[in-house]
Amino acid sequence: MADIIHLLPDSVANQIAAGEVIQRPASIVKELVENAVDAGSTEIKVVLKEAGKSRVQVIDNGCGMSDTDARMSFERHATSKIKEASDLFSIRTMGFRGEALASMAAVAQVELKTCKKEDQLGTLIIIKGSKLESQEPTTCPPGTNIIVKNLFYNIPARRKFLKSNSTELRHLVIEFQRIALTLPQISFSLYHNNSEIFNLPAVPSLPQRISGVFGRGILPNLVPVNTETSIIKIRGHIGKPEFARKTYGEQFFFVNRRFMRHPYFNKAVTEAYEEILAPETIPSYFLYFEIDPENIDINIHPTKTEIKFNDERSIWQIINASIREALGKFNVIPSIDFDTKGSIEIPVLRKDSQANHPQIKIDPDFNPFRDKLKLKNWENLYKQSGMDQENWASQQQDGNAQSELFQNGEQTQQNLFHFKGKYILSSVKSGLMVINQKRAHERILYEHFLELNSNSGSSAQKSLFPHSLKLNPADYILFKELLPDLNNMGFDIRDLGNNALIINAYPYEAYINDPVEALELLLYEYKATQVDLDKGHKERLAQSLAKASSIPYGKVLNQEEMKYMLDRLFACNSPNYSPGGKSIISIISLEEFEEKFK
Ligand code: ADP
Ligand code: MG
């Protein structure tokens with residue numbers, strides 16, 4: 001029998017490799033901007049069309065390439081950044097695998113113009129689907145100007161899987177931010193369909209870049225972190241606890257100027273905030289680690305943002321202690337001068353020694369909510385659904401259980417009984433019916449919102465003194481995508497442009513105290529339910545909105561409210577389960593009771 005194994009042609013091999021490196025337009029932006037950074041550019045401009053699907057262009061003023069290098073750069077495993085395996089342990093550049101350009105050329109149409117500073121003439125290369133179409137000399141300014149057009153034009157199945165423009169654009173913005181936030185000395189700009197999304201001039205310091213990306217308003221909410229140990233240096237800023245938000249979007253770890261995701265270290269940060277954060281809120285953080293590249297492994301996967309550290313437990317403790325220290329300091333120094341050089345001493349740990357939990361004194365009476373939130377809405381602290389329910393129950397017991405018991409004692413006569421701010425009890429034929437009030441309300445709202453949306457009918461609204469809401473650019477893009485449906489579901493929200501929105505009214509059925517907070521919670525919930533791919537977009541939105549605007553645990557309902565709630569619940573299509581699939585109703589049978597009294 002003839003031999004059957006053969007080598008794949010380069011174009012096919014490149015397409016397969018591209019599957020790993022290029023998932024969506026955001027991957028192209030990441031790779032091209034990283035290349036521009038590695039080329040020593042001081043100015044990088046990104047121009048997008050159709051959320052990058054039809055065009056991603058990156059223009060830099062870096063070192064440029066010779067004509068031979070320009071051609072070579074599209075070969076697989078062609079890189080100028082490492083020469084031998086041992087170089088892998090001392091990488092300081094953003095790229096090194098030599099796969100990005102080859103991958104792009106395999107799945108898109110690429111035009112590259114590049115010129116070295118010392119050269120008179122530059123090079124223009126056109127490649128489509130790994131095939132060199134032309135290479136010729138050209139005049140162009142020093143640096144590189146590369147255009148990647150019609151991503152996946154030759155792989156319809158993958159093109160089809162790209163998400164809506166606003167979703168892809170959101171990914172692009174997130175990717176862009178991650179790079180811009182590490183390099184304040186480089187000027188970055190981002191344009192989409194001829195409108196400017198970011199224009200970040202070069203600035204001398206990180207806080208100035210952070211404010212360039214997230215708006216000037218963020219600076220007063222941050223405190224500096226500065227720690228130096230023999231294993232790791234940590235600098236950066238963390239958010240004051242009272243500005244913690246309900247949505248993700250301002251949490252960043254960078255290692256040697258590279259963004260990383262690290263759930264374990266995230267825990268080190270949030271744990272340091274324990275007790276001083278409102279439930280379900282996440283503090284902002286922008287933490288920059290510097291570590292000897294020998295002690296980390298970034299080569300796990302070309303696009304993964306996870307990084308492995310040699311000494312994770314010690315680093316966890318250093319992070320945790322640094323955050324506590326910064327928070328403690330913030331308590332004593334009310335206004336922060338970003339230029340203060342106050343690095344703390346943390347004992348140097350050796351790899352094999354056990355780290356002791358550093359003892360850092362924190363004023364036990366310090367409560368950042370005391371002044372700000374108490375006036376506004378401190379009760380909200382206890383209202384959110386995610387709050388530890390055990391805790392809530394016990395607080396109720398210690399606190400006003402007496403009066404509640406008394407009140408409820410009277411209510412039994414009317415057959416509905418409110419229990420622990422959480423349950424509605426009612427005697428039914430077969431025993432005692434227990435209804436989780438928050439979930440019941442979620443179900444009612446969910447069906448209500450979906451119905452409103454499908455009729456796009458008018459609904460009763462509570463109008464407000466208009467509230468304005470400023471979001472970070474990524475959330476803003478997501479929000480704009482949700483806006484038409486939200487307005488169908490009973491909101492009246494206008495887009496003001498420039499990351500700002502104005503809320504004029506909200507649906508009457510929704511339980512909303514603070515509309516701005518409710519919308520932040522909605523974004524948080526929406527992002528969290530995004531993993532559930534079975535659900536359509538409208539269902540996901542209705543589910544998140546129901547969660548964000550249902551009555552919170554702890555809210556004591558009166559007879560009438562309870563009755564209304566039950567009537568509405570039993571009028572629902574699926575009264576037994578919350579939109580998230582959790583049980584709403586449970587019946588404790590008479591036999592179970594009798595069992596207890598045996
Ligand atoms: P890597 O960045 O991993 O080396 P790439 O495929 O992204 O691999 O790029 C291949 C090579 O092309 C780089 O090593 C670099 O020498 C060159 N190159 C790519 N982009 C630029 C640029 N914007 N300016 C100068 N050289 C570049
Ligand atoms: Mg690269």
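This is a predicted model: local features need pLDDT of at least 70, side-chain atom pairs count only at pLDDT 80 or more; totals for chains, interfaces and linings use all residues.
Visitor: How many helices and strands does the protein chain have?
Guide: Both are DSSP runs numbered from the N terminus: helices are H or I with at least four residues, strands E with at least two. The count for the protein chain is 18 helices and 23 strands.

Visitor: What percentage of the 598 residues count as buried?
Guide: Buried means under 20% relative accessible area, exposed over 50%, and partly exposed in between, with a 1.4 Å probe and protein chains only. For the 598 residues of the protein chain, the buried share is 50%.

Visitor: What share of the contacts with a separation of 6 or more comes from residues 24 or more positions apart?
Guide: A contact means heavy atoms within 4.5 Å. Among contacts in the protein chain with a separation of 6 or more, residues 24 or more positions apart account for 70%.

Visitor: What is the strand order in the open sheet of three strands?
Guide: Two strands pair if DSSP finds at least two bridges between them. S20 and S22 run antiparallel, joined by seven bridges. S21 and S22 (residues 500–507) are also antiparallel, over five bridges. The order is S20-S22-S21.

Visitor: Which strands are the edge strands?
Guide: An edge strand here pairs on one side only. Seven of the eight residues of S22 are buried, so S22 is largely enclosed by the rest of the structure. The edges are S20 (461–470) and S21 (492–497).

Visitor: Which residue takes a positive phi in the hairpin of S21 and S22?
Guide: The hairpin has two residues between the strands. The phi in question is near 60 degrees, and the residue is asparagine 498.

Visitor: Which helix packs on the sheet?
Guide: This helix touches S21 and S22. Its direction makes about 145 degrees with that of S21, on a scale from 0 to 180 degrees between N-to-C directions. The helix is H14 (residues 473–488).

Visitor: At what angle do H1 and H4 pack?
Guide: Axes are lines fitted to C-alpha atoms, for helices over the stretch in contact. Those of H1 (residues 10–21) and H4 (residues 100–107) lie 8 Å apart. The angle is about 110 degrees.

Visitor: What residue classes make up the contact of H1 with H4?
Guide: H1 contributes residues including Asn14 and Val21, and H4 residues including Ser103 and Val107. Ala, Val, Leu, Ile, Met, Phe, Trp, Tyr, Cys and Pro count as nonpolar, Asp, Glu, Lys and Arg as charged, and the others, Gly among them, as polar. The division is seven nonpolar, four polar and no charged.

Visitor: Is glutamate 520 buried or exposed?
Guide: Glutamate 520 is found in helix H15 (residues 515–529). Leaving aside neighbours within four places in sequence, glutamate 520 is in contact with Arg245, Lys246, Thr247 and Leu469. Because its relative accessibility is 11%, glutamate 520 counts as buried.

Terms used:
Residues are numbered from 1 along each chain as its sequence is written. Chains are lettered from A and ligands numbered from 1 in the order in which they are written. Side-chain values use heavy atoms; hydrogens and water are left out.
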